[in-house]
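Trainee: Please take a close look at the ligand site and explain it step by step. After that, go on to the parts around it.

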Amino acid sequence: MRFFTSVHLILLAYIVVALAFWELRLQEQSGHIYAQEVITLKSQVDSTRFPYEYHQHMVALKTNLDKRTIQYVAEGSTFLIVIIIGAVIVYGSFRRSIVLSRQQNNFMLSVTHELKSPIAAIKLNLQTLEKHKLDESKKMQLVDRSVKEANRLNDLCNNILFASQIDSRQYKATRELFSLSEMAEDTVAEYAARYPQRFEEDISTGCYVSGDKVMLQIMLSNLLENAIKYTPADKPVTIALRKDGYTATLRVVDLGAGIPDGEKKKIFNKFYRVGNEESRKAKGTGLGLYLVHKVVKQHKGQIVVKDNEPSGAIFEITLPLEAAKA
Ligand code: ADP
C-alpha cells in the first residue's frame, strides 16, 4: 500500500511538472511567433506612412497572442483537472480493494476456523459416545453440545451461501404475506431451547408483513445470535415487536459491551468486525449484519443501532406492515 502510494504520488508529480513545463514551452513559442509576426509586419507595412493600418495589424497580432495564451492555459488546466480527478479515483478504488482484500483474508482465516471447530467438537463427542460407557445424563449432555455445534455450523453455512447468492444477484426474493409475530415467536422459542433462560420476549400479535420469509428468518437469526454472542452468559436478551401505525418495530436489546459510536455504521459492511484479531474474543465472520442490512433494505425498512442503559446494544428495525392488516 505504501509502495503504491509513493509510486502514485511520484507519477502524479511527474505528470504535473511535465504539464507545467510544456505549458511554459508553448507560451514561449507563442511569444516567438508573435515577435516573428511583428518583424514581418514591420517589413511589409510602413508605420510612418500608414499608421492606422499598421496599428490595426498590431492589434490583430496582439489579439491572436492573447487568444493563444487563453487557449493554452484553458487546455492545460482542463488536462490537469482531469488527471487529478483520475488519480483520486484510482487511489480511492485501490484503497477500497486493499481494505476488502484484507477483510477477505481475515474472513478466510476466521471461516476456516469457524468451520473446523464445530466439526472437531462433534467428532470428539461422537467418539466419546462410541468408546465409553456413559450414564444417560452425560450422554444427553454430549448430544446436546453436538446439536448446538451443528446448529452453529448450519447458521454459518446459511450466511455464506446467502451472502454469495445476494452478491451475485442470484437470489430472487419472494413476497408473501405472513405473520412476523409468529416468526419472531418461533425463532425466539428455537433460540431459547438452544440457550435456556437467556431470552425475554415482548412480542405483539398480528404484525403481518409482506416479504421473503427466508430472508427475514436469516435477519432474525443473526440478530439473536449476535445478542447472545456479545452478551455475558448471566445477562438476558430481550426481543420486542410492536405495531407503530403502518410499521412494525422489532427491537433486539442486550446488556453486553455495546457498540462504540464510531463503529455503528461500519458494522454493516461486509466482513467488518470491531477490534482486531488479537483483541477479539467472540468467533465470527463479519457477514451477519451485512446480511441483516441487505434484508432490511430489500424490505424497504430501516435499521438503527442505539446504546442500551447501563450498557449494551439495541438493534431497532422498522418494517412496513401489510396495508390490509395494519
Ligand atoms: P460477526 O460474525 O463478527 O458477529 P456481524 O456482521 O454479525 O459479524 O457483526 C459485525 C460486528 O459487529 C461484530 O464483529 C461485533 O464486533 C459487532 N456486533 C454485532 N452485534 C453486536 C452486539 N449485539 N453487541 C456488541 N457488538 C456487536
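Mentor: A polar contact is a pair of N or O atoms within 3.5 Å; within protein, one must be able to donate a hydrogen and the other to accept it, and residues adjacent in sequence count only if both atoms are side-chain atoms. The model is predicted, so local features need pLDDT of at least 70 and side-chain atom pairs pLDDT 80 or more, while totals for chains, interfaces and linings use all residues. Residues are numbered from 1 along each chain as its sequence is written, and side-chain values use heavy atoms, without hydrogens or water.

Start with the ligand. Around the ligand are 17 residues, of which Asn226, Tyr230, Asp254, Arg273 and Thr285 come nearest (near: a heavy atom within 4 Å). The side chain of asparagine 226 places an N or O atom 2.8 Å from an oxygen atom of the ligand. Threonine 285 uses its backbone instead: an N or O atom there is 2.7 Å from a ligand oxygen.

Next, the helices (DSSP runs of H or I, at least four residues; strands are E, at least two; both numbered from the N terminus). The buried residues of α3 pack against α2 (51-131), α4 (180-194), α5 (213-229) and α6 (288-298) (contact: heavy atoms within 4.5 Å). Among those buried residues are Leu142, Leu153, Phe162 and Ile166 (buried: under 20% relative accessible area; exposed: over 50%; partly exposed: in between; 1.4 Å probe, protein chains only).

Last, the backbone angles. Most residues other than glycine have a negative phi, and most peptide bonds are trans. Just after α3, arginine 169 has a positive phi of about 55°. Lysine 300, in the loop between α6 and β6, has a positive phi near 55°; lysine 300 is exposed, at 71% relative accessibility. Glutamine 197, in the loop between α4 and β2 (199-203), has a positive phi of about 55° and is exposed at 81%. Glutamate 309 and proline 310 are joined by a cis peptide bond, with omega about -5°. Proline 310 sits in the loop between β6 (302-307) and β7 (313-320).
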